[in-house]
Amino acid sequence: MSSENHISVICKAAIIAAALLLCACGKSDKPAEAEKEAAATPGITLKPEEISSLGITVQPATAAQFTGRISGYGVVTALDTIAQADSEFLTAQAAAAQSQAAAARARSLSTGEEAAISREQVEVAQSKAAADAAALALAQRKTEAAFGLRSPWRDAAAQQALMQRLASGATVLVRVSFPVTGGAAPKTVEISRMGADAKTWTAHTVWDAPADAAVPGHSFYALLDGSDLAQNERVTAGIPTGAAAPGATVPAHALVFGESEAWVYIQTAPHTFLRTKVDTNRPMGDGYFVDNIKAGDKVVVGGAGLLLAHEVNPSTEAGD
């Protein structure tokens with residue numbers, strides 16, 4: 001082989017070796033660059049097979065508005081308590097009306113030269129009328145002491161219709177108490193059932209109730225239409241305050257707990273999940289209202305607990 005051919009072979013070999021070295025360097029740099037990029041990305045980045053192994057599922061956060069509220073507790077007033085007070089008042093009212101009419105007749109029959117009854121009989125009728133008037137006043141005071149000065153029972157025209165609604169269960173009377181309120185009775189009160197079935201209704205007829213010696217704060221009575229609350233049932237209550245704030249709701253089952261805080265995971269990229277703090281002081285329906293998560297953000301609703309364990313202990317293999 002000539003020297004020129006020998007040099008040509010050596011050059012070709014050198015070029016091939018250099019190309020192979022460049023390819024090897026490129027391949028080795030890509031994983032390093034990916035690792036650096038993952039380390040710089042907030043949250044935890046997983047491989048597709050890890051996401052599948054952890055059973056991670058997501059759903060978008062829903063838009064919501066939250067209105068601040070003063071929270072309290074209440075109880076549905078038993079119908080027999082209302083009926084007893086109503087019966088006593090109506091009985092006293094009827095007796096007073098009858099005795100007043102009798103006294104008026106007695107006075108008319110005792111005047112003139114040919115008086116039909118004696119003055120003593122007139123005085124007896126007047127005494128009976130005064131006693132019945134006092135009994136009516138007592139019944140009214142007892143009603144006011146039990147149901148407040150501005151109760152609908154003061155309106156005789158609406159009283160019968162109201163009692164019919166209460167007796168049928170279409171309307172319930174709820175006594176609610178709040179630790180702190182200001183000013184007059186609120187225009188509306190939100191009343192919710194306790195427990196898993198946290199249905200909420202709004203009462204629009206609200207008035208001041210006598211203070212509850214067992215519960216400090218301010219008490220109100222509220223007439224609630226269209227609920228299925230039972231007599232003597234305990235409820236929670238709220239008075240809306242301020243303007244509604246925009247935000248989103250996250251489902252309660254999406255929450256995980258760690259470091260004495262509540263969290264949810266938000267999917268910020270196809271394989272990346274960011275742990276985000278949740279304020280649990282603003283419950284809404286079957287979840288919680290948040291203002292640090294936008295409507296449409298993908299919330300992890302399945303596998304969040306395993307995701308937290310994987311983040312806290314990265315050496316744990318997914319699926320272990």
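I take buried to mean under 20% relative accessible area. With that settled, here are my notes on this predicted model.

**Confidence check.** I began with the pLDDT, which averages 81 over the protein chain. I found that 81% of the residues score at least 70. Residues 1-7 stay under 50, and I see 1 contact there beyond four places in sequence.

**Helix α3.** Next I looked at α3, residues 79-109. Its 31 residues should span 45 Å at 1.5 Å a residue, and the end C-alpha atoms are 45 Å apart, so the two agree. I listed the buried residues of α3 as I82, A85, D86, F89, A92, A96, S99, A103 and A106.

**A stop at S99.** I picked S99, which sits in α3. S99 counts as buried because its relative accessibility is 5%, against a cut-off of 20%. What does S99 contact, leaving aside neighbours within four places in sequence? I get A125, K128, A129 and D132.

**Helix α4.** I then ran the length check on α4, residues 119-147. Its 29 residues should span 42 Å at 1.5 Å a residue, and the end C-alpha atoms lie 42 Å apart, so this agrees too. For the buried residues of α4 I noted V122, A125, A129, D132, L136, A139, T143, E144 and F147. Among the elements covering them I found α3, β4 (171-178), β7 (205-208) and β8 (218-225). Last, I checked what follows α4: it is G148, with a positive phi near 90 degrees.

Conventions: Residues numbered from 1 in each chain as written. Predicted model: local features only at pLDDT ≥ 70, side-chain atom pairs only at ≥ 80, totals over all residues. Heavy atoms only, no water. pLDDT = per-residue confidence, 0-100. Contact = heavy atoms within 4.5 Å. Helix = DSSP H or I, 4+ residues; strand = E, 2+ residues; numbered from the N terminus. Expected span 1.5 Å × (residues − 1). Buried < 20%, exposed > 50% of the residue type's maximum accessible area, 1.4 Å probe, protein only.
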